[in-house]
Amino acid sequence: MALTLQFIPYSEIAEMGSARRVKKLIDAVKQNKIVLLEGRLRKEEEKDLIQITMEEIDNKFKGIELAVINPEIPGEGFFTKLKLGLVNVLMKDRTGLTIIGPATIVKEIKQNPNKIELLMNNTTTKSKRTSRRKKR
Amino acid sequence: MKFLKKFFNNFKKIFRKKKQLKLGLYGPPNGGKTTLANKICQDWLGEDMGSASAIAHETRSVTEKEKIIIKKDGKELDFNLVDTPGIATKIDYEDFIKKGMKKEEAKKRAKEATKGVIESIRWLDEMDCVIVVLDATEDPYSQVNITIIGNLQARDIPVLLVANKVDLKKANMKKIKSAFPQYDIVGISAKYGKQMDTFYDALFKLVR
């Protein structure tokens, strides 16, 4: 089975309201695509995404796997945190990367601050992707 | 706008507090929310709150136990305890079949579980304080955990993080602490009543 990754730049959802953003993401995932969204949803939108996913679950659509990678480095020095804080203020929700995949394809997304692993269903392939922190 | 929202939330809470404080148990499925709810109810009311099971999504609707009074070191805490269904991003009825259920029963459970997640999320705004129950043996870097905690933070709802099942060998408190460094985390075993004193102390601190 071919795997489709759909990249959505933040500019594509920047002007949309919360409901339309969430719908756009769910529609793509329901087409069995793994969505890579530049930036992240607001906390309220993440909650809505889970809620709407639950409403959409049926015999074919089993839900989603979701992960957000943030450029946050807990425990780093004061100036690094200050710089990242400033970047977050200026870039708002554009920082980071959101990965959403259909649960029928993506079994699990394992996440820790340095690494993200997509464990796929019905295959022994383990796709690993390392997101390196930018050292500033 | 944010200030106004915060102001109205606090205003609402003042009036709600006059009725009864609502303490919610939130977290992913099978973290031990109902086991903890039962332990609290057994300790202070002498009865259970709900049934717990090794199969996920045993709790599929929000349940509320009214008027629990905890007394400790001369202090008293009076609240309604709200046990919620586990929040998940996926529910597959075939997972229940693998656990030995018949197809129709599994489909029914899956349907009820999806409704339970929606209900849990809708109840978030009703809570005055929340205990997020994490499974100490599982990977804490789950987006569900982060989303729940982030939404509680955004609503200014005080949160206590509890790492349950510390009696198990696989439990990794260090990993949970490193995932949520901004929180004090209480490690407990709700099933065996371990560290419950520390938990009740943290509860008094949270509600204060």
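The reply below begins with the model as a whole and then turns to the contact between the chains.

Reply: The model is a predicted one, and the predictor gives the complex an ipTM of 0.86 and a pTM of 0.84. For chain B, the average pLDDT is 90, and 91% of the residues score at least 70.

Where the chains meet, 23 residues of chain A are in contact with 17 residues of chain B. On the side of chain A that touches chain B, the elements that give two or more residues are α3, β3 (64-69) and β5 (106-112) of chain A. Helix α3(A) supplies the largest share of this side, with nine residues. By class, the residues on this side of chain A comprise nine nonpolar, six polar and eight charged.

Helix α3 (residues 43-56) of chain A packs with helix α4 (residues 103-123) of chain B at an angle of about 155°, and their axes are 8 Å apart. Because angles over 145 degrees count as roughly antiparallel, α3(A) and α4(B) are roughly antiparallel to each other. Their crossing is left-handed. From α3(A), the residues that make the contact are A:K47, A:I50, A:Q51, A:M54 and A:E55, while α4(B) brings B:T114, B:V117, B:I118 and B:I121. Sorted by class, this contact of α3(A) with α4(B) has five nonpolar, two polar and two charged residues.

Strand β3 of chain A, another of the elements on the side that touches chain B, also belongs to a sheet. Four strands of chain A form this open sheet, in the order β1-β2-β4-β3, with mixed pairing. Its edge strands are β1 (4-8) and β3 of chain A, each of which pairs on one side only. On average, and with direction ignored, neighbouring strands of the sheet are turned by 15° against each other. The partner of β3(A) is strand β4 (residues 97-102) of chain A, and the two pair in the antiparallel sense over six bridges. Within this pairing, A:V68 has A:T98 in β4(A) as its bridge partner.

Chain B has strand pairing of its own. Strands β2 (residues 63-72) and β3 (residues 75-83) of chain B pair in the antiparallel sense over eight bridges. Opposite B:E64 stands B:V82 in β3(B). The hairpin of β2(B) and β3(B) has two residues between the strands, and B:D73 takes a positive phi near 50° there.

Conventions
Residues are numbered from 1 along each chain as its sequence is written. Chains are lettered from A and ligands numbered from 1 in the order in which they are written. This is a predicted model: local features need pLDDT of at least 70, side-chain atom pairs count only at pLDDT 80 or more; totals for chains, interfaces and linings use all residues. Axes are lines fitted to C-alpha atoms, for helices over the stretch in contact, and angles run from 0 to 180 degrees between N-to-C directions. Angles under 35 degrees count as roughly parallel, over 145 as roughly antiparallel, 65 to 115 as roughly perpendicular and the rest as oblique. A crossing is left-handed if the near helix is turned anticlockwise from the far one by less than a right angle, and right-handed if clockwise. Two residues are in contact if their C-beta atoms, placed from the backbone, lie within 7 Å. Ala, Val, Leu, Ile, Met, Phe, Trp, Tyr, Cys and Pro count as nonpolar, Asp, Glu, Lys and Arg as charged, and the others, Gly among them, as polar. pLDDT is the predictor's confidence in each residue, from 0 to 100. Two strands pair if DSSP finds at least two bridges between them.
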